[in-house]
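Hi,

Here is the structure I promised to hand over. Have a look at it first, and then read on for what turned up.

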Amino acid sequence: MTASTKTASTLTANTKTASAAIDLNADLGEGFGRWRLTDDEQLLSVVTSANVACGFHAGDAATMRRVCEQAAERGVTIGAQVSYRDLAGFGRRAMEVPPAELAAEVAYQIGALEVFARAAGSRMAYVKPHGALYNRVVHDEEQARAVIDGVRLADASLPVLGLPGSRLLALAAEAGLPAVTEAFADRAYTDEGTLVPRGRDGAVVTDPDAVVERSVSLALSGSVIAHSGARIGVRARSLCLHGDTPGAVGLARRVRERLVAAGVRLAAFA
């Protein structure tokens, strides 16, 4: 038995009586025109929630419609993955957008996806920022408030998915929106519980075995090993499985199978 297997076995043994429940989400619809980045159809057979790109960092009308239809067929919850307007940079470049403009653009993206979710017989059930915007609203009060203003403009009852301890979730709660915490098994964490910037070495965890074991740890113990080697608390209701990494579908299936074997109940939060 390997050390990682022993760790997973210990976590399972110590939490047999726990009624852990977690949502599995993935960023989907991240293509444009004939170009497709994510294997949406296969990932929709694994996840419980789909963060659908709304055309600003990726995605287009036909892609949004297709992913919403596939999600509805499989009973997967649909969420809007809103972003800075940055198709060329995949939404991962820092941008300076005035708050009123950002709020309007967030509402615009939500509204676009809502049309296709309803047409598919489903609903647009939550909002998650993407890339540079996701990281910006962890600490930036002004940009976080603009995102919340945009969500409220579209639908004042929508849950907001984000990093635990972020300004985004704090402001969502203040505004009466359900604030839902999220974790990443394939991203490195700082000791403060934020994500290590993608430009730094080790920011993305590429070892599939490590990703699987980190998923189990996050679901059962609410903790993960940070980039420094320290164990930190990261309690989350939803676990993100990135769809744009090599072997994403196979890895997502392994994560789901291990979580179920560990007694974790998989359930969408919205």
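A residue is called buried under 20% relative accessible area, exposed over 50%, and partly exposed in between (1.4 Å probe, protein chains only). Please keep in mind that this is a predicted model, where local features need pLDDT of at least 70, side-chain atom pairs count only at pLDDT 80 or more, and totals for chains, interfaces and linings use all residues. Residues are numbered from 1 along each chain as its sequence is written, and side-chain values use heavy atoms, with hydrogens and water left out.

Now to the salt bridges (a side-chain nitrogen of Lys or Arg within 4 Å of a carboxyl oxygen of Asp or Glu). The count comes to 15.

One of them pairs Arg136 with Glu96, with the closest N and O atoms 3.1 Å apart. Arg136 sits in helix α5 and Glu96 in the loop between β3 and α4, so the bridge ties together parts that are 40 residues apart in sequence. Glu96 is exposed at 68%, whereas Arg136 is partly exposed at 22%.

Another joins Asp27 to Lys128, at 3.4 Å between the closest N and O atoms. Here Asp27 belongs to strand β1 and Lys128 to strand β4, 101 residues apart. Asp27 is buried, at 5% relative accessibility, and Lys128 is buried too, at 2%. Through shared partners, Asp27, Lys128 and Glu182 form one network of salt bridges.

Arg65 also forms a salt bridge with Glu69, with the closest N and O atoms 3.2 Å apart. Both residues lie in helix α3, 4 residues apart, about one turn of the helix.

Best wishes

Methods: Helices (H or I, at least four residues) and strands (E, at least two) are DSSP runs, numbered from the N terminus.
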